[in-house]
Amino acid sequence: MMGVFQDLETYGHEQVTFFHDKKSGLKAIIGVHSTVLGPSLGGTRMWKYTDEQAALRDVLRLSRGMTFKAAVAGLKLGGGKAVIMADARTEKTPEMLAAFGRAVDSLGGKYITAEDVGMSVEDIDTIRKYTSHAVGGSNEGGSGDPSVMTAFGVFQGIKAAVKHAGLGTSLEGLKVAIQGVGHVGYHLASYLSAAGAKLIITDIYPNQIEKVVQEFGAIAVEPDQIYGADAEIFAPCALGAILNQRTIPQLKCKIVAGSANNQLEVDSDGFDLFRKGIVYAPDYAINSGGLINVAAELDGYNHERVLAKVSKIYNTIADILERSEAEHIPPHQAADRLAEQILAEASLGKCQDKTLELCAR
Ligand code: NAD
């Protein structure tokens, strides 16, 4: 594969491992971006990538995002992620998950896996038969589906962004356009509807749309109409890179705040949003509820403690947006600076624990 080490240098990874299992057809990549704050933790995404380079790019972007997410969420965890190159609906088999579980185990705890797009709680249960380094399962103290907590965190972040944008302290009557009503999008729709918001939704699967229209009285639009929807808030809850040169000019919203990872296609898209006066809640800061939820398993899961911690996403988003305003920089940059500050301080702390000789290396 061309330019692998160049990519690793760009993203600053500690380790990237490729796994292949001929019998089950497993093709997986695990990216360990950083273990400065603790073992790397992040979900596994099963997706039919167009090619290997696309899968590698995705794992590198996502695992780096996890380092920043754990740091800003105040967790003693590093960033990692895995991708499995397969169609989750047609190619996933117990044998493939077993082979993947063994792959995770071979890293000896440096990487802890969890759920992501294309993976379920049941899949984590299967993986856990082959490694103890998996969280988010339903048994043995597992916290189950993290998407409810992710949605709860996004809901908190939306409230903080609404206040920051000068739209008040209530969501009553505000319109929210949700892109993707899968696991997170569905629960987000539920929280928003209960708070009195009006919903405009889209998805590429009609069944998902039908459920949200029926239960929450949402209005459904075609996937390409969601960007230009007449709504105060746009909540991307499908896939990444959807904020770009093609979509940003279409946005009519005042706020972008949703669960999808790596929403900005390129960094400069964050500057374009800022120039357009759109308040952007940085993805990894607003969507850390699921991570906080699964990470709680490592210290003995307690639902009330998790709820209290996820509620603090309100403060995190408010803090990032205030820093952005005070420093005249886009929110995504303010979030990065906060994460970098936390990581730099942790590196210094780690260094002090070691001998001077080791630190000098
Ligand atoms: P999911 O697969 O359950 O839901 C995604 C939904 O988006 C699906 O219903 C899918 O049909 C739809 N979709 C895909 N492409 C689309 C398109 N072009 N237009 C409209 N809809 C489209 O996944 P999820 O668990 O709900 O996660 C959603 C996003 O949030 C992902 O980016 C994921 O990485 C991120 N995220 C999830 C969690 C979590 O706890 N599940 C945590 C953090 C971040």
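Biologist: Is H328 buried or exposed?

Modeller: H328 is exposed, because its relative accessible area is 66%. Buried means under 20% relative accessible area, exposed over 50% and partly exposed in between, using a 1.4 Å probe and protein chains only. Bear in mind that this is a predicted model, where local features need pLDDT of at least 70, side-chain atom pairs count only at pLDDT 80 or more, and totals for chains, interfaces and linings use all residues. Residues are numbered from 1 along each chain as its sequence is written, and side-chain values use heavy atoms, with hydrogens and water left out.

Biologist: Where is H328, and what is its phi near?

Modeller: H328 is in the loop between helix 12 (313–327) and helix 13. Its phi is near 55 degrees, a positive value in a residue other than glycine. Helices here are DSSP runs of H or I with at least four residues, strands are runs of E with at least two, and both are numbered from the N terminus.

Biologist: And A241, what's its phi near?

Modeller: Phi of A241 is near 60 degrees, again positive in a residue other than glycine. A241 lies in the loop between strand 9 and strand 10 (255–256). It counts as partly exposed because its relative accessibility is 22%.

Biologist: OK, domains. What does the assignment give?

Modeller: It gives domain 1 (2–65 + 77–127) and domain 2 (147–333). Those bounds come from an automatic or database domain assignment. The C-alpha centres of the two domains lie 25 Å apart.

Biologist: How many residues of each are in contact?

Modeller: 12 residues of domain 1 are in contact with 12 residues of domain 2, where contact means heavy atoms within 4.5 Å.

Biologist: Where does the second largest pocket lie?

Modeller: The second largest pocket lies between domain 1 and domain 2, because both give residues to its lining. A pocket is an open set of points on a 1 Å grid over the protein atoms alone, where a 1.4 Å probe fits, with protein on both sides within 12 Å along at least five of seven lines; lining residues have an atom within 4 Å of a point.

Biologist: What's its volume, and how many residues line it?

Modeller: The volume is about 490 Å³, counted as the space filled by probe spheres set on the points, with grid points joined across faces, edges and corners. The second largest pocket is lined by 21 residues, and R64, N262, L264, D267 and D336 lie nearest its centre. Helix 2 gives the most to that lining, with 7 residues.

Biologist: Switching to helix 3. How far does it reach?

Modeller: Helix 3 (residues 94–105) reaches 16 Å from its first C-alpha to its last, close to the 16 Å expected at 1.5 Å a residue. The expected span is 1.5 Å times one less than the number of residues.

Biologist: Which of its residues are buried?

Modeller: M96, L97, A98, A99, F100, G101, A103 and V104 are buried in helix 3. They pack against several elements, including strand 1 (15–21), strand 4 (78–85) and helix 4 (121–127).

Biologist: Which residues of helix 6 are buried?

Modeller: In helix 6, V184, G185, Y186, L188, A189 and L192 are buried. Among the elements covering them are helix 5 (147–164) and helix 7 (206–216). Helix 6 is followed by G196, whose phi is positive, near 90 degrees.
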